[in-house]
Amino acid sequence: MRDTDHCNTNGAGPDPAINLYRTCSKVLTSADGTRIYAEAVGRAPGPGIPTIVFIHGLLITSIVFDAIFTDDAWTHNAYLVRYDMRGQGRSGQPRDGAGWESERFAEDFDAVVNAFKLDKPFVAVGNHPAAIITDILSFRPPEYLSGIIYITPVPYTGPIAQEIASPAALDSIARMSKPASLPDFQSAVQTFVSLSSGINHTFPFGLYQMCLGNAIVQPVEAIGRLMSRTQDETGLLRAGREGRLRLLFLYGTQDVATGHGPVFDAIAGWVRLDTRAMKTGHTPWLEEPSEFRETILQWIRKASL
């Protein structure tokens with residue numbers, strides 16, 4: 001399968017001579033043939049202009065970052081990349097078990113890095129797919145990245161995920177994975193999206209509807225595979241305990257989808273760790289967009305010194 005793109009760069013990497021404030025979209029082919037939908041926008045990377053890859057959470061796809069990717073205060077200060085994870089949104093939906101192995105997720109990230117010619121990007125990721133950092137660091141060295149930004153995360157799969165996710169979130173995920181009936185599935189999806197939408201249900205109505213729509217087109221088994229797939233967190237924890245990678249952990253003090261206490265346990269011993277508690281729920285970039293933006297950009301400036 002050949003990659004396709006709709007970019008004013010004709011598929012080339014960042015070029016300071018052109019206007020990169022227009023969104024560049026590509027349909028990429030991962031190593032196993034799965035298609036991966038990706039977008040980029042912003043200033044060409046260079047001194048003082050970092051590259052940040054945003055990776056979405058369970059069920060909500062990369063559209064959840066629309067407010068960031070259309071904000072001049074972001075695009076003027078960074079080169080932003082996002083993509084739909086396999087099994088979700090506009091990316092492919094593998095049906096066999098091999099398509100959900102840890103290395104496949106690392107290869108998807110590689111495809112994005114290569115397509116946009118990224119050099120040591122920062123990665124901002126939240127919710128359960130924060131575990132993709134574990135995939136990447138299982139097969140790539142820490143120096144592949146400049147830093148990690150965890151946003152209300154589940155760092156890796158396994159028993160710790162059951163401790164981090166709230167009972168309401170775990171219940172809705174279980175019901176989405178193996179629904180007893182169509183009404184039960186609809187109820188579970190609505191509950192999960194509501195839990196994700198912040199303390200004041202800050203999802204715009206259009207985004208809320210798109211998240212519900214994505215749940216309809218996503219195979220039910222994909223949700224179960226995302227939650228139950230096997231990972232090895234050794235590479236992630238080694239990178240942190242050896243001081244080879246910076247980590248910013250952002251969490252909402254009023255988050256009803258995940259708890260932050262068990263996350264500290266999951267990443268215990270991380271040497272170069274910074275934390276920021278925000279008076280938000282699960283989506284701080286929508287609930288407190290200015291604080292969220294400045295926290296990340298200031299941290300990146302500090303990390304780049």
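This is a predicted model: local features need pLDDT of at least 70, side-chain atom pairs count only at pLDDT 80 or more; totals for chains, interfaces and linings use all residues.

Helix α6 spans residues 167-177 and helix α7 spans residues 182-196; the two pack at an angle of about 145°, and their axes lie 8 Å apart. The crossing of α6 past α7 is left-handed.

A second pair of helices may now be considered. Helix α3, residues 102-115, packs against helix α4, residues 132-139, at an angle of about 90°, with 8 Å between their axes. Angles of 65 to 115 degrees count as roughly perpendicular, and α3 is therefore roughly perpendicular to α4. On the α3 side the contact is formed by Ser102, Glu103, Phe105, Ala106 and Phe109, and on the α4 side by Ile132, Asp135, Ile136 and Phe139. Six of these residues are nonpolar, one is polar and two are charged.

The interior remains to be described. In soluble globular proteins, nonpolar side chains tend to be buried together. Here, the largest nonpolar core contains 93 residues, and those with the most contacts inside it are Ile52, Tyr83, Phe109, Phe116, Ile148 and Tyr150. Phe109 also belongs to the contact between α3 and α4. Which residues does Ile148 contact, leaving aside its neighbours within four places in sequence? They are Val123, Ile133, Leu137, Leu236, Leu245, Arg246, Leu247, Leu248, Trp270 and Trp299.

Definitions and conventions: Residues are numbered from 1 along each chain as its sequence is written. Side-chain values use heavy atoms; hydrogens and water are left out. Axes are lines fitted to C-alpha atoms, for helices over the stretch in contact, and angles run from 0 to 180 degrees between N-to-C directions. Helices (H or I, at least four residues) and strands (E, at least two) are DSSP runs, numbered from the N terminus. Angles under 35 degrees count as roughly parallel, over 145 as roughly antiparallel, 65 to 115 as roughly perpendicular and the rest as oblique. Contact means heavy atoms within 4.5 Å. Ala, Val, Leu, Ile, Met, Phe, Trp, Tyr, Cys and Pro count as nonpolar, Asp, Glu, Lys and Arg as charged, and the others, Gly among them, as polar. A crossing is left-handed if the near helix is turned anticlockwise from the far one by less than a right angle, and right-handed if clockwise. A nonpolar core is a set of buried Ala, Val, Leu, Ile, Met, Phe, Trp, Tyr and Cys residues joined through side-chain atoms within 4.5 Å. Buried means under 20% relative accessible area, exposed over 50%, partly exposed in between (1.4 Å probe, protein chains only).
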